[in-house]
Amino acid sequence: MRKTNFHHCVLVLAVILMAIPASYFILGKLFPSLAPPQLEVRKTYQKPERPVDSASIMGQLTLLTRSIQSQVRQFDKEYRINFPFRSYLLGTYQFQKETLLRADPYPQKVFEGKQNWLFIGNSFNNTVYESIGVTQLPVQQLLRIKHKLEGYYAWCKRNKIRFYFMPVPEKQTVFARFYPIRPTGQLSVLQQVVVALGPNPGFLINVSDTLCRDARKALYAPTDTHWTGLGAYIAYSTMLNTIKLDFPAARLLKPGEITLDTAFNTQGDLSKMLFRPKTDTLVFLNPAITKTTKLHQKIKPPKTRNQNFIEVYEQRHSSGANKLKAMIYRDSFFVQLATCTNESFGETILLWDFRLDTTAIKAEKPDIVILECAERMVDEL
C-alpha cells in the first residue's frame with residue numbers, strides 16, 4: 001500500500017512539473033506582467049532560394065542534391081531559432097532550475113562556483129576534465145604536440161625568426177579556490193605539455209606560474225572566462241620580459257604607462273550565457289598614451305577559418321617604438337594584451353588563429369612569431 005502511494009505521489013509530482021511550462025505560458029498571455037522575460041535576442045531567417053539550373057543533366061542532379069541538403073539545414077535552423085515557444089520554455093526551465101531546484105541550468109555551458117564565481121562548462125573542448133586531470137593526453141598525441149612546437153621553433157630559427165609559445169591558463173587553474181570541483185591530483189593537459197617540453201625549451205612564455213603566484217589579486221573576472229586588465233598586464237609583462245632577453249629593444253610599458261579602465265553595467269561572456277542583465281563590472285588594460293597607427297589588412301584568411309572571425313582575422317598596427325616586427329597568432333585572450341603589445345614593437349600583426357601559416361610568415365619576414373592559445377585549446381595544436 002505504501003509503495004502504491006509513493007508511486008502515485010511521484011506521478012502527481014511529474015504531472016505538475018510537466019504542467020508548469022504550459023501554465024506559465026498561459027498566465028503570461030492572460031496577465032502580461034507575469035510573462036517570462038525575453039532571454040535572448042531573436043533573429044529571423046529567410047527561406048532558401050530555389051535551386052539554380054545547370055546546362056547538363058548531371059550538373060542539375062548535383063546542384064539539386066546540394067540544394068535540397070542546404071534547404072533542409074536552413075529550414076531546421078529557421079525552426080530552431082524561430083520556434084514560437086522557445087523563449088517561454090527557456091525562461092520557465094531556467095526559473096525552475098535556478099529558483100526552485102537551486103541548480104545550474106546549463107552546467108555543460110557554464111556553472112557557478114564558490115562566492116558566485118562563474119566557470120565555463122565541459123562542452124567547450126572538455127575544459128573541465130582537462131583542467132582537473134580527469135582527461136589526459138595519450139603519449140602519442142602529447143609527443144605530436146611537442147614535436148609540432150619544436151618544429152615551429154626550428155623552422156623559425158632556420159629563417160632567422162624567434163618563435164615563442166604562450167599558453168594561457170583557464171580561470172579555474174589560477175583560482176582553484178573558487179572552483180566547485182576538486183582536482184584529481186593528476187597533471188592537467190596544460191601541465192602535461194609544459195612538462196613534455198622540458199625544463200628549458202627556449203621558446204616557452206610561462207604566464208601560468210606568474211599568474212598563480214598572484215592569485216590573491218583580481219586577475220580574472222568572476223563573470224567572464226578571460227582575465228581582467230590587471231591579469232592581462234601581468235601576462236603582458238611576463239611576455240615582454242621573456243622577449244627582451246632576446247630583443248632588448250622591445251618596449252615594455254611600465255605601470256605608470258598603462259591604465260586599468262573600469263567599465264560598469266557590462267556583461268561577461270559567462271553572464272551572457274545565463275541571459276543575465278548587463279550589471280557586471282569589468283576592468284580593461286590600455287596604454288596611457290597610444291602612439292600606434294592602424295594599417296590595412298594584407299593577409300587573406302584561410303578558407304577553413306570560422307566565418308564569425310573573418311572581419312577580425314588580421315589586425316595590423318605600426319608604432320615606431322623600434323624596428324622590430326612581431327607576428328602573433330592568438331585567440332580571445334589576446335584582446336586585452338593587444339593595445340599594449342602594439343606599443344611594444346615597431347609593427348605588430350595579430351592573426352586570430354593558432355595554426356602557423358609558413359607562407360604568410362615568409363612573406364611578412366617578422367623578427368618574432370608568437371603562438372598564444374587558451375589552455376582548453378592546447379590539445380588542438
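Trainee: Are phenylalanine 163 and phenylalanine 203 buried or exposed?

Mentor: Both phenylalanine 163 and phenylalanine 203 are buried, where buried means under 20% relative accessible area with a 1.4 Å probe and protein chains only. This is a predicted model, in which local features need pLDDT of at least 70, side-chain atom pairs count only at pLDDT 80 or more, and totals for chains, interfaces and linings use all residues. Residues are numbered from 1 along each chain as its sequence is written, and side-chain values use heavy atoms, leaving out hydrogens and water.

Trainee: How many aromatic pairs does the structure hold?

Mentor: Rings of Phe, Tyr and Trp (its six-membered ring) pair if their centres lie within 6.5 Å; planes under 30 degrees apart are stacked, over 60 edge-to-face, and the rest tilted. Here there are 16 aromatic pairs. In one of them, the ring centres of phenylalanine 163 and phenylalanine 203 are 5.7 Å apart and the planes stand at 45 degrees, so the pair is tilted.

Trainee: Which residues form one aromatic cluster?

Mentor: Among them are Phe111, Trp117, Phe119 and Phe333.

Trainee: What sits over the ring of phenylalanine 124?

Mentor: A charge sits over a ring if NZ of Lys or CZ of Arg is within 6 Å of the ring centre and within 35 degrees of the ring normal. For phenylalanine 124, the charged end of lysine 109 does this, 5.3 Å from the ring's centre. Likewise, lysine 171 lies over the face of phenylalanine 119, at 5.1 Å from the ring centre.

Definitions and conventions
Buried < 20%, exposed > 50% of the residue type's maximum accessible area, 1.4 Å probe, protein only.
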